[in-house]
Amino acid sequence: MISRSPPTISFSRYLLANRNSKMWIIYILNGLYFAALIFLISLGLNIILGVMGILNLAHGSLYAIGAFMAAWTVIALGKGAPMFLIYPSLLSGVVIAALFGLFMEYLLIRPMYKRALEYQLLITFGALLLLEDVIKMIWGGEAYYASRPCDVLGTCHILGNPYPAYFLLVMIMALIAGLLIWVFMFKTKVGVMLRAISLDREMATALGLNVHKMGTFAFVLGSALAGLAGALVVPTTPALLGFGMEPLILAFIVVVIGGLGSLKGALAGSLIVGQTRSIGIVLFPEIELALLFLIAAVILVAKPQGLFGR
Amino acid sequence: MANKKIGRRQFIKTTGAAGIGAVGIFGSPFKVRRAAAAQKRSIPKDPIKLATVGFLTGAAAAPFGIPGNNAYRMLADRINKEGGISGRKIKLTSYDEAGGVDAQVKLCRKLILGEKVDVILGYISSADCKAVLPLSDELGGLIMAYDCGTHVLMEGDKSPYKVPKYTLGFRTKAHLGIDNIGLAFMIRKYLPDIKAIAGINPDYAWGRDSWLIFETAMKKLMPHVKVVGTWWPPLFTTDFTAHISALMGAKPDIVHSALWGGDSVTFTKQAMGMGFFEKSRMAFSRGEPYPQEVGRDYPEEQLICCAGTHYFLYPPHDKWPLNKWFVEEYHKRYGKYPTYPCYHAYQAMYTYKNAVEKAGTLVGGWPTIEEISKAAVGLSIQTPSGHLMIREDHNGIEDVLLGFSKRVPEFPFPILDPKRMEVFPAHVVNAPVGIRTVDWINSWKV
Amino acid sequence: MGLKNVITRPKFIIYSLLILALLFLPRILSTFNLILFEYGLTFAIAVLGFNLLLGYTGLLSFGHGAFFAAGAYGVAMIAKYFPGLYAMEILIPGALLLSLIVSAIFGFLCVRHTKIFFAILALALSMLVYALVFKFYHITGGSDGLYVKVPHMFGMTFEGTRRPQFLSGIYYYFLLGVFVGSFIIMKGIVSSPFGKALQAIRDNELRAELIGIRVRRYRLYAFIISGMFTGLGGALWSFINGHVTPDVSHWVFSGEIVYMTLLGGFAILEGPIIGAMIFTFLKLYAMGSTEYWMFIIGLTLIILVLLLPTGIAGGFKKLADRITG
């Protein structure tokens with residue numbers, strides 16, 4: 001009778017094995033890196049959800065489009081291109097995702113304003129299926145590796161542990177994006193209008209805000225954030241068909257945990273999801289994704305609006 | 001096609017029987033002529049509908065599905081140029097193994113019942129094989145699984161078990177037993193001082209079964225070695241960083257992995273960035289294609305298994321002209337060296353061809369799929385890697401080649417260090433017919 | 001409504017003729033197409049249940065795949081762990097029981113909410129089921145799935161019969177019978193006072209509450225009945241597919257269930273049935289003609305939502321109304 005390998009490493013044994021190596025900092029960094037990407041995606045999802053009341057089921061597709069475009073651009077520039085061209089070229093992913101978002105909003109979402117929620121969900125579901133194949137039509141079925149932006153930065157050492165410097169760059173970019181959004185939402189006129197609409201749509205309309213135009217803007221902004229996440233991830237991971245699905249589910253979990261439409265919730269939810277996954281993989285290797293759903297389900301039962309929801 | 005033939009034979013048989021009855025009274029000449037007519041069978045003029053199924057999109061496509069498909073096309077062209085199989089040309093259609101197990105079940109049903117193909121050569125994923133091979137008997141179609149490795153495909157629940165499990169289903173290669181038993185032997189020989197091992201394997205049949213066999217063999221051969229942890233990322237995971245860190249934290253000397261395709265490439269690249277290879281060594285049960293995929297940066301000293309003896313440099317070209325032809329032709333057509341999916345494609349294609357020819361000679365015409373299956377059992381064919389034999393359990397058996405990666409100036413990627421390459425013969429790494437691999441390992445006297 | 005009234009109505013006569021015609025289908029269609037038709041019937045049963053919740057109670061669940069999975073895995077688990085009990089008489093009630101339990105749990109958690117919360121919660125719970133089934137490899141087979149062999153039925157065994165023969169023979173008539181039975185039961189439910197109450201809740205929740213309907217409780221009942229029908233569909237499906245994988249609990253599959261309902265039209269009882277049949281053939285046709293079949297399915301859905309929101313049955317009804325004035 002073969003004994004199966006232990007499903008968990010006992011915490012004390014883990015601590016004992018690691019008392020000198022300080023790997024815990026890497027686990028936390030892994031969690032932060034994952035959280036950074038999920039934060040960008042769920043932030044975008046929440047902006048759209050908050051301002052327009054629409055749950056964009058095709059949000060993951062925009063992430064994938066951002067990734068493919070960024071990868072394609074980096075590959076197209078060639079192996080010899082200088083780095084000051086390569087890094088900005090990743091932003092092509094942001095632009096294309098925003099453009100797709102604009103088209104989507106105009107063609108699909110706008111006719112749905114007056115309709116029931118069910119139709120909105122369905123039409124974004126249709127968009128999800130459609131965009132999967134649109135990606136295939138444009139970029140084909142192969143895997144797109146564009147690792148130069150990651151490779152050139154090399155490895156740095158954190159408390160004696162090697163860690164890819166690019167991951168730190170991603171976290172910084174996510175932080176900057178988050179700060180910019182925060183400043184925008186709370187300090188600029190347009191941002192205040194967006195928040196007003198998300199808090200009380202009817203009142204905002206009554207006060208004369210152009211809700212439709214703001215909605216379009218929010219949709220494009222949300223899509224751009226998804227595209228940014230895709231563009232940032234692609235130097236570490238190949239762009240593949242169907243890889244927008246998992247981030248979408250994770251973004252859902254974040255939205256559920258953090259609260260529908262809440263930006264603070266997106267931050268909190270992403271941190272929880274990222275760290276849980278990272279620590280979970282170390283301590284409970286068998287569970288992985290199921291653990292996250294469990295947390296989401298618990299929050300949904302205990303506090304259905306999420307941590308910061310209304 | 002086959003049904004129509006049987007119908008005709010039935011008809012001939014019944015009229016023949018009636019004729020015999022009548023003729024029994026009138027004399028024998030009619031009887032002889034009827035019997036002779038029942039024996040003669042024509043070879044159809046239309047081409048053989050041969051369907052191949054493999055990953056044509058997704059992460060597994062570039063290192064796996066596409067090379068396999070390339071090899072199929074190359075071989076079909078060669079066979080057609082030489083006149084086809086028993087005079088019939090091959091019409092090859094390729095299908096994508098994408099969409100998951102359920103989509104593959106439906107595709108297989110469509111190919112056998114709808115398109116009525118003559119044979120399906122395909123399936124890379126063990127999960128797909130497990131689901132699809134029962135369909136061979138259920139639907140009455142000939143399926144030759146060419147690349148999947150799970151050992152439970154043909155094994156029963158207890159030892160000894162009845163063979164074969166399927167009448168019309170085959171696996172034209174050895175199963176993962178050879179890879180993982182081979183790894184254990186290799187570690188015992190070259191790395192006897194290790195203390196701790198771990199595993200990172202994809203969370204499905206292939207990964208679970210690979211680890212099971214490896215762990216069983218290691219427990220038998222090196223019982224003092226401890227397992228410090230196992231990880232199970234889902235197939236087609238794109239972010240292994242958390243797993244890599246967790247592995248590094250557990251401090252194993254060797255990490256077993258059956259990761260393949262895009263997973264293996266992504267894992268290796270991410271691990272390189274995190275300093276994994278400074279601390280531990282990987283033992284890849286299917287590592288052969290990836291040095292070429294990753295390139296010059298692929299780390300040295302990694303233990304690599306070739307899923308058989310499939311390696312573009314083995315057997316040496318001066319000693320084995322078939323390998324020389326295969327490698328050169330493939331490189332000429334596709335610009336890369338063939339990897340083990342390509343060799344497996346050869347095995348599937350030529351098992352089918354030889355079985356058809358053998359059965360055809362016996363029946364004097366084009367054989368039915370039942371006749372082809374019967375002829376395939378016991379077949380021993382020469383391949384670019386050596387020999388393949390198909391046993392009565394419808395599994396193939398092969399020798400296994402393992403080595404350590406090493407950078408050399410002649411190639412733009414690391415190759416297997418020629419000084420430490422080992423070939424373990426088939427009878428050492430394949431369980432006997434009817435005995436489960438796990439039980440067989442446990443019965444070893446070491 | 002007296003029995004005589006029912007029997008002489010034109011709809012009843014048409015349906016009876018239709019069912020009579022369907023009895024002859026195995027002789028007309030090829031085995032392959034007959035199997036497709038059977039897939040359509042199992043989905044029809046599943047979406048009939050789903051529509052009780054959507055069309056009649058006004059709740060959109062994006063997680064009904066979990067109940068389909070409950071039915072399918074119910075069958076597969078019995079096959080794996082209780083092979084001695086592997087007979088249709090036990091399998092169907094077993095699957096219904098498992099779907100009852102799962103939908104009761106889900107329903108209890110979900111019916112406190114409406115609209116988007118409801119949809120997201122249902123989605124999240126079904127994905128939890130998906131993740132659990134995926135990860136508990138040694139019990140459920142994980143992503144490999146589980147094999148479902150031909151079961152014993154009412155004392156008959158089918159050793160040596162190939163599945164296509166089983167499916168084009170006795171199983172077809174059994175499935176047809178279950179389908180007709182499900183339809184009659186569902187018709188009874190929606191015409192009953194309970195059904196009327198559900199529609200009242202759908203139309204105006206507050207008013208329904210005020211006239212004394214216990215909204216949350218009725219929603220829960222509707223949820224459970226809906227889940228059981230879908231689970232029944234899943235169980236029947238598993239014999240045709242021969243294999244169950246966690247995919248059926250994934251939210252994309254749940255999305256297809258919603259799609260089928262919308263395609264046929266959710267305002268009419270027969271709508272989802274039409275949608276299920278058309279979708280089954282549409283998907284197969286698309287997959288067979290092009291590698292970009294998701295594009296076609298997605299585009300069709302979008303056009304449907306934009307132009308024909310009441311679905312095909314709804315469109316016909318409008319047409320019929322216009323013709324008859």
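Mentor: Let us begin with aromatic rings. Rings of Phe, Tyr and Trp, the last through its six-membered ring, pair if their centres lie within 6.5 Å. This is a predicted model, and in it Y63(A), F68(A), W139(A), Y144(A) and F243(A) form one aromatic cluster.

Trainee: How many aromatic pairs are there over all chains?

Mentor: The count comes to 57. One of them joins F184(A) and F217(A), whose centres are 5.8 Å apart with 40° between the planes, a tilted arrangement. This pair links distant parts of the chain, since F184(A) belongs to helix α8 of chain A and F217(A) to helix α11 of chain A, 33 residues apart.

Trainee: Why is the pair of F43(C) and F253(C) classed as it is?

Mentor: Planes under 30 degrees apart count as stacked, over 60 as edge-to-face, and the rest as tilted. The planes of F43(C) and F253(C) stand at 55°, with ring centres 6.2 Å apart, so the pair is tilted. Here too distant parts of the chain are linked: F43(C) lies in helix α4 of chain C and F253(C) in helix α14 of chain C, 210 residues apart. F43(C) is buried at a relative accessible area of 10%, and F253(C) is buried at 12%.

Trainee: Which ring has the charged end of R88(B) over it?

Mentor: That ring belongs to W366(B), and the charged end of R88(B) sits 4.5 Å from its centre. In chain B, R78(B) also lies over the face of W325(B), at 4.2 Å from the ring centre.

Trainee: How should I read a nonpolar core?

Mentor: In soluble globular proteins, nonpolar side chains tend to be buried together. In this model, the largest nonpolar core has 378 residues, and those with the most contacts inside it include F267(B), Y352(B) and W251(C). Helix α2 of chain A gives the most to this core, with 19 residues. The core also draws at least three residues from each of domain 1 and domain 2 of chain B.

Trainee: Which residues does Y352(B) touch, leaving aside those up to four places away in sequence?

Mentor: Among them are I48(B), L50(B), D118(B), M144(B) and I372(B), together with W366(B). There is also a second, separate core of five residues, including I201(C), A208(C), I213(C) and V215(C).

Trainee: Which residues are buried in helix α11 of chain C?

Mentor: They include F194(C), G195(C), L198(C) and I201(C). The cover over the buried residues of α11(C) includes α4, α10, α12 and α13 of chain C.

Trainee: What should I look for in a sheet?

Mentor: Strands of a sheet pair through backbone hydrogen bonds, either parallel or antiparallel. An open sheet of three strands in chain B has the order β11-β12-β13, with antiparallel pairing. Because β11 and β13 of chain B each have a single partner strand, they stand at the edges, and one side of each is left without a neighbour in the sheet. Four bridges join β11(B) and β12 of chain B in the antiparallel sense, and T383(B) stands opposite G386(B) in β12(B).

Conventions
Residues are numbered from 1 along each chain as its sequence is written. Chains are lettered from A and ligands numbered from 1 in the order in which they are written. This is a predicted model: local features need pLDDT of at least 70, side-chain atom pairs count only at pLDDT 80 or more; totals for chains, interfaces and linings use all residues. Side-chain values use heavy atoms; hydrogens and water are left out. Helices (H or I, at least four residues) and strands (E, at least two) are DSSP runs, numbered from the N terminus. Buried means under 20% relative accessible area, exposed over 50%, partly exposed in between (1.4 Å probe, protein chains only). A charge sits over a ring if NZ of Lys or CZ of Arg is within 6 Å of the ring centre and within 35 degrees of the ring normal. A nonpolar core is a set of buried Ala, Val, Leu, Ile, Met, Phe, Trp, Tyr and Cys residues joined through side-chain atoms within 4.5 Å. Domain bounds come from an automatic or database domain assignment. Contact means heavy atoms within 4.5 Å. Two strands pair if DSSP finds at least two bridges between them.
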